[in-house]
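Colleague: I'm new to looking at protein models. Could you walk me through this one with a few questions and answers?

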Amino acid sequence: MSLAHDVLETLQRLDVENGVVSAARERELLLRFSNDRMTVADTVEATTLSVFVREGGRKAAITLGETDLSKLEAAVETMVAGLRRHGGGASVPLPKGPFRYAAPAEDPAVDVEEMASMAAAAVEAARSAGAARSAGSFKASVTSLSLCSTAGAEGEALLPEAELSLRSFSPDGSSGHGLAVATDPRRIDAAATGREAGGLARMSMGAAEAKGGRQDAVLLPMVFADLAAEAGSMASAFYVDMGMSFLKGRKGEEVASPLLQLSDDPTIPGCIGTRPFDDEGLPTRRNEIIADGVLSGYLHNSETAQARGAASTANAGLVAPRPFNLTVGGGKGGWEDLAAEMDRGLVVTNAWYLRYQNHAAGEFSVIPRDAVFVVENGELVGAAKGLRISDTLPSLLSSIEALGGDRRWVRWWEVDVPTLSPSVWVRDVSFTRSTM
Amino acid sequence: MRSAMEHALSLGAEYAEARHQSDVSERTVVKNGAPEVSGMESRSGFSLRVLKGGCLAFAAGNGLDAAGLRDLAAKAVRSAEASSALRAGIRMDSSPVCDARDVLAPRTPFADVDPQERTSLLLDAHQRAADAAAAAGCRLAGAFISLGLLTTEKTVVNSDGGRLFSRIPRASLNAFLTVFSPERGAVQRHVSKGSASGWEGVRSWDLEASMADEAATLARVLNEAGPFPAGRRDLVLGPEIIGLVAHESAGHPSEADRLLGREAAQAGETFLSEEGAPRRVGRPLLNVVDDPTLPGSFGRYLYDDECVAARRRYLIRGGEYDELLHDRSSAAAMGVMSNGSSRSLHYGVEPIVRMANTFVEPGDHSLEELLEGVKDGIYMRSFMEWNIDDRRYNQRYVGLECHRIADGELAGLLRSPALEISTPALWSAVDAVGRDLEFSAALCGKGEPMQGIPVWTGGPPVRLRAVAMGGSP
């Protein structure tokens, strides 16, 4: 805390109205592998100091990879002087502390030899399950975060994350993806992750080019988490104000199937998105975003909240509020049980590259990748490829037929907000494909 | 740095490379016509990359003294040793390495431009956009305009004798505009600009006029665009779209690390590695290149992060896929020489194979000549939604500003026609290439951790014959 405190003293000496200082020390180990071989082992240790000031109707922020206090003080003084040259209006006050926070998480030991051994186990398990080759990454990081504000917030947090992401290929190029996230890399079942990827790759061998059109689909957690994370992020009041959200003007209205429950809950112990306070130092809390299909409200920091006459939801983002740890309510059974109820449709195990034509309307497309299975009369009768989901978020979320009980945490290359999602059966999903 | 590199060698590394990189950026943001935030970020630190026993390791940190650097070297070597159970047999090629300086001096340094002048420029640009939308009976319902001014300074040394110092300023602008009409809803647009330059690059964009033009065009699309029925049409793609096609469907498939499977679990692989993949995909008039040496370009560099000299690479030459983009390890694995494609975003990430400025080389047609040859078709000038599969084979571009072409003339706007097509089908449909080259700026995402690297994408307008188009939703 001392570095953050020292810089806070500079803000106080300058009589800054609203200032937040955070110091983050991050250490990360990342192992990347491809063709069953290690391609690189990364080790990064870095300290970052961030200062945010809101005063006179203006905002300024600096982020410095620097621990020399005299340099930090000089940078802060320059920032504040620049802000005061042009300011003039009123600023929204920061949440007034002090606050009590949940106890920091435990610091997991991270060892490169142990992680390399686990990566090798995952690769071997994938091979045993039928993979011809696998690629992926295994990373573990711990961020020690200190935060203090001119409004009296003062907290320390430990944010540990581990993620094993493994993609396996069968001899014909069909693929499957396995994913596991935890706060401690030793809690990851590397062999199970490898078996999942290898098994999906083997099951999807012989995938045939499929036709586009509307049909039912069971979207596995990696796919539905992508959609849920989009909806959760679009609940940020900042993006609503920007016109980058289909949730604009919909508070209190039905925006999804009554089956859908979507919350942000960074207070759940032991998740990679767990954190005791937001970027303004306010203690985090559980916020409903969509309850029984109805939009409960938006995610706020102190500034977006005041603009709407609301209270902060403890989702700061100093500029843009954001979700930290999303959860989708679950139902019953696994994806196989959902598929067994479908007369005809597809099972989509993974998707990526989601892009919008219109954020306000939620018009987008995203590309299924890895295993896609064809369902007829409740049975898996083959595998498909070459498809794209081209639809709208409001339509997909409103067409949920059932949710599985197979919730799992998803965070990977495509989904950057940790999201707990089940498999979800969605009616009449629009699939398109290249026709030449 | 040198002693850290030598320490790694003394611990048994067969190759070592040390880099110090400083990225200092200032950002000015205007949201919905009001100053949002001004920011400064300084990211500076050291990295070491070592090869030991055919295993590659990378270590990075900041705030390090001499002892910290030696410790970093030891960590890198230990990581390489820990990888030996899955030894990949990685090695570097024998490309000549440079002992060079590459300093791009700005005509107007960023520091010479008062922060208030930057804010005023964005506020004026916003106002011009709002006025343009209002003049068309619409409203600028949302506008986010962000100006970034970045200076990157790198020092690289490697155990093969390479030494490089570079300093490159880059200016970039990202805007997101929403134009709204109560009767017709909203249309939206991302705008990106970028150059390797000082403030003179920003001035050259004429932001006020540019934002006004963008908003006016969005209002026209909103007011005038009519539905488009699906079907086969001739299609003229403007520079913004063909530039993205060049990047996605010539550049990415030609990255050697994808072909070797290194990105398989993240950005993906390439259809070019598949058995029977076509090499010839277009007519002899089609050439797609990647060139890091373009003066003023957003992706400009003269030497890559492995100290290899950059040069123009022909990705598609005369209608055939030709050269791959290589760093020294991919080149060694494939028995060729690096062509200087190794780039890293900041000190904390490893250098990997990247594009720089990817574009379709100009031909000899004016836009009017391209249009003249179309009886019933579409001129797609800009886009919003796009994506492409991880083999870079199936892609989709949904048009934003799209004109119907009737008997060689522009004949009204069309709403959101979609081009969804395979890479060989797209390139093979090109029958004429325009002469007027234009570029767009982008940040290309790849790697783990994700690295969004500055690039230009570009080309002249090109004409495609009889492609299947999806209709308006």
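Predicted model: local features only at pLDDT ≥ 70, side-chain atom pairs only at ≥ 80, totals over all residues.

Colleague: Okay, how do the residues of the lining of the largest cavity divide into nonpolar, polar and charged?

Modeller: The lining is made of A:Glu28, A:Lys139, A:Ala140, A:Ser141, A:Glu161, A:Ala162, A:Glu163 and A:Arg411. Go through those names with the definition in hand: Ala counts as nonpolar, while Glu, Lys and Arg count as charged. The division comes out as 2 nonpolar, 1 polar and 5 charged.

Colleague: What volume does the largest cavity have?

Modeller: Searching the whole structure for cavities of 30 Å³ or more turns up 1. The volume of the largest cavity is about 30 Å³.

Colleague: Is A:Glu163 buried or exposed?

Modeller: The cut-off for buried is under 20% relative accessible area. A:Glu163 has 2% relative accessibility, so it counts as buried.

Colleague: And which residue's side chain does A:Glu163 join in a polar contact of 3.1 Å?

Modeller: A:Glu163 touches several residues beyond four places away in sequence, including A:Ser137, A:Leu179, A:Ile188 and A:Trp412. The polar contact of 3.1 Å, side chain to side chain, is with A:Arg411.

Colleague: Which residues touch the most other members of the largest nonpolar core?

Modeller: In soluble globular proteins, nonpolar side chains tend to be buried together. Here the largest nonpolar core has 101 residues, and the two that touch the most other members are A:Phe224 and B:Trp427.

Colleague: Which helix gives the most to this core?

Modeller: Its contribution is 9 residues, and it runs over residues 221-234 of chain A. That is helix α5.

Colleague: How many residues are in the second, separate core?

Modeller: This core includes residues from chain A and chain B: A:Met38, B:Ala4, B:Cys55 and B:Ala57 are among them. The number of residues is 45.

Colleague: Now an open space: how many charged residues are in the lining of the second largest pocket?

Modeller: The second largest pocket holds about 790 Å³ of space. Of the 33 residues that line it, the closest to its centre are A:Gly173, A:Ser174, A:Lys385, B:Glu274 and B:Arg391. The lining has 11 nonpolar and 9 polar residues, and the charged ones number 13.

Colleague: Last one: is B:Arg381 buried, partly exposed or exposed?

Modeller: B:Arg381 lies in the loop between β15 and β16 of chain B. Beyond four places in sequence, its contacts are B:Glu240, B:Ile241 and B:Glu401. Buried would need under 20% and exposed over 50%; at 38%, B:Arg381 counts as partly exposed.

Conventions:
Residues numbered from 1 in each chain as written. Chains lettered and ligands numbered in written order. Heavy atoms only, no water. Buried < 20%, exposed > 50% of the residue type's maximum accessible area, 1.4 Å probe, protein only. Polar contact = N/O pair within 3.5 Å; in protein donor to acceptor, adjacent residues only side chain to side chain. Contact = heavy atoms within 4.5 Å. Core = buried A, V, L, I, M, F, W, Y, C linked by side-chain atoms within 4.5 Å. Helix = DSSP H or I, 4+ residues; strand = E, 2+ residues; numbered from the N terminus. 1 Å grid on protein atoms, 1.4 Å probe; cavity = no way out; pocket = protein on both sides within 12 Å on 5 of 7 lines; lining within 4 Å. Points joined across faces, edges and corners; volume = space filled by probe spheres on them.
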